[in-house]
Amino acid sequence: MNSIVTVISNILAIYRRELQSYFASPLAYGIATIFWLLAGFLLVILVFGPQGILAQSAFADQAGLQSAPLDLPYEFTQFYLGLLGSLAMFILPALSMGLYTEERKQGTLELLATSPIANWAVALGKLLGVVTFFLTMVLPLLVLESLIVGASDPPFDLQLLFLGHAGLILLAASVLSLGMFISSLTESTVLAAILTFALVLVLFVVEGVADGIPGPIGEAIGHLSLLKHYNNFTQGVFDISGLILFLSYVVLGLFLTAQSIEAFRFQRS
Amino acid sequence: MIEVEQLSKAYGSTIAISNVSFKVEPGEILGFLGPNGAGKTTTMRILAGYLPATSGTARIADHEVHLNSMAVRQNIGYLPETPPLYQDMTVEAFLYFVARIKGLPIGDRAKQVTSAIERCNLSEKRNVLIRKLSKGFRQRVGIAQAIVHDPPVIILDEPTVGLDPKQIIDVRNLIKSLAGQHTIILSTHILPEVSMTCDRITIINRGHIVATDTPDNLTARLAGQLGYAIEIAGDQAQARAVLTKLPQVESVKSLSDEGIAKNHHRFQVIAATDEDPGSAIAEAIVDAHLSLYELSRNRVSLEDVFIDLTTEEPAMAATPALTSITETTADTPPSLSDSDE
């Protein structure tokens, strides 16, 4: 019992420190700013742009297509969250790149490795910290979204919106967990960012590749696609397999990180 | 408290340490002395459980450091070669963080952090970001993180690096004050440090333990061990044989003939007993029909022994400077010199 309490308090200690370092880091604010700018821009384009939903709606009115009203809120949610997911996949490597590379550079890995705290607990604390930071990056966007949701007629399906955002956080957690593993492999922050970005690209296009491969193999590879499962979430389809896939990526990232730190310390040569 | 047996570590084909064995009793301070690259940091890292040994065992508080790593980690405070500091934290926040991951109960944290801050003279820097601290202060924060949870065993890798002379004295006093309740092992390449703070000294060179003894023992053993620097003219082998034969002489060592007249040779002898061998040496040399040009009494300082033990080349530079070194470092105990060519 006591040991469980200790482990939780260890994880919390790492979590708090990680979060604190994000909020003290100009780089993190820079990344957040870019994310907000691009996300806000996307939102505005989607609503007010020449191909935006307002223009579409006006066009539909003019053409007198009243018989088949577009479900604009639904279309908006799907487009907007889809783009937000793509954007996040490019921003996330920048958040995860420093998770372990900084520890190595500052020599603090030696402190963690000689403290009574398990590798996986460190990894979990760090992952929770960076996911929380991403959550705080998404929160301000909710304000923008609420303006549109509030002004919309017909009303938005709030459950759909919630599911979409939950999917976004799960997607982020998967990418961050794998990115954390990559950052544990190297001392170079830049290299970690580039490798994570490459991995994200692979997970991005894996669906397209899988389509070209016939039979069950292609199908199996297709299931690895993050974006495919994320799109299910944004379309309001809550599928357990998607949830399991995201959680598997998270656990895989945690496991590999703990193993790689262990291997780094205990490489017998 | 710390038992190291036949510890070896190889990085690929490079052997960092080989068959290192020593013991540290509870409450004792052991100085781990050696030149840079001798294997000090490797030994410290193995002890702290950061690196595995290639062979051999190390036990801290009866737990094997590799097999029972978690139990060992609960018992140690460790200052690595580079202090492990989060640049973006304040001193106090960092120490709280360390107290948390070391598993200190909530109720004790404030007290322990304050005590560590005070003991390391960091009160004025309490709320300063570590990034903004000078090297000396960072080193002290490094020491503070090693003692904040009051561990039974403290491992300090070069604790006084980067400190100014006053801070060095403070840190030495701090380390001394920790002895008794804590078992401490500290590594350094600075001689006065070990002779001033440590109960026992282990000298390591090229991964091998060269000597282990207490400074007191060394002093006692060597207090009577006078040395003589001798310059003669004549046959070197004959002179050596004559000197070696003397019962009052423990060892004879040839020194470099550089910079002295041709056919002149210099030796450093160490007396075997309390008895001053000066007159016996002079007599023996004259009896052997060798010409005596210099016979000067000296003491071998720890410094010379250290250089001697840890360099491959014979430590020739010793003689001329020896007397002056002896005078200036009267407090440093002379040390063993069983080196013989």
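Why is α3(B) largely enclosed by the rest of the structure? In this predicted model, 9 of the 11 residues of α3(B) are buried, so the helix is largely enclosed by the rest of the structure.

## Helix α3 of chain B

The buried residues of α3(B) can be named. They are Val91(B), Phe94(B), Leu95(B), Tyr96(B), Phe97(B), Val98(B), Ala99(B), Arg100(B) and Ile101(B). A residue counts as buried here if 20 or more other C-beta atoms lie within 10 Å of its own.

What follows the helix? Just after α3(B) comes Gly103(B), with a positive phi of about 80°.

## The contact between chains A and B

Helix α3(B) also takes part in the contact between the chains. Chain B contributes 25 residues to this contact, and chain A contributes 22 residues. Three elements of chain B each supply at least two residues of the side that touches chain A: α2 (69–73), β6 (76–79) and α3 (91–101). The largest share comes from α3(B), with 3 residues.

By residue type, the side of chain B that touches chain A divides into 14 nonpolar, 7 polar and 4 charged.

## The sheet of chain B

Chain B also holds an open sheet of 4 strands. Its order is β2-β1-β4-β5, and the pairing is antiparallel. The edge strands are β2 (14–24) and β5 (63–64), each of which pairs on one side only.

Strands β1 (residues 2–11) and β4 (residues 55–60) of chain B pair in the antiparallel sense. Their pairing runs over 5 bridges. In one of the bridges to β4(B), Glu3(B) has Arg59(B) as its partner.

## A helix pair in chain A

Two packed helices are described by the angle between their axes and the distance between the axes. In chain A, helix α7 (residues 119–151) packs with helix α12 (residues 240–265) at an angle of about 130°. The axes are 9 Å apart. The helices α7(A) and α12(A) are therefore oblique to each other. The crossing of α7(A) past α12(A) is right-handed.

Which residues meet in this contact? From α7(A) come Asn119(A), Trp120(A), Ala123(A), Leu124(A) and Leu127(A). They meet Leu254(A), Thr257(A), Ala258(A), Ile261(A) and Glu262(A) of α12(A). The residues of the contact of α7(A) with α12(A) divide into 7 nonpolar, 2 polar and 1 charged. An α-helix has 3.6 residues a turn, so residues three or four places apart point the same way.

Methods:
Residues numbered from 1 in each chain as written. Chains lettered and ligands numbered in written order. Predicted model: local features only at pLDDT ≥ 70, side-chain atom pairs only at ≥ 80, totals over all residues. Axes fitted to C-alpha atoms, helices over the stretch in contact; angles between N-to-C directions. Parallel < 35°, antiparallel > 145°, perpendicular 65-115°, else oblique. Left-handed = near helix turned anticlockwise from the far one by under 90°. Contact = placed C-beta atoms within 7 Å. Nonpolar A, V, L, I, M, F, W, Y, C, P; charged D, E, K, R; others polar. Buried ≥ 20, exposed ≤ 12 C-beta atoms within 10 Å, placed from the backbone. Pairing = 2+ DSSP bridges.
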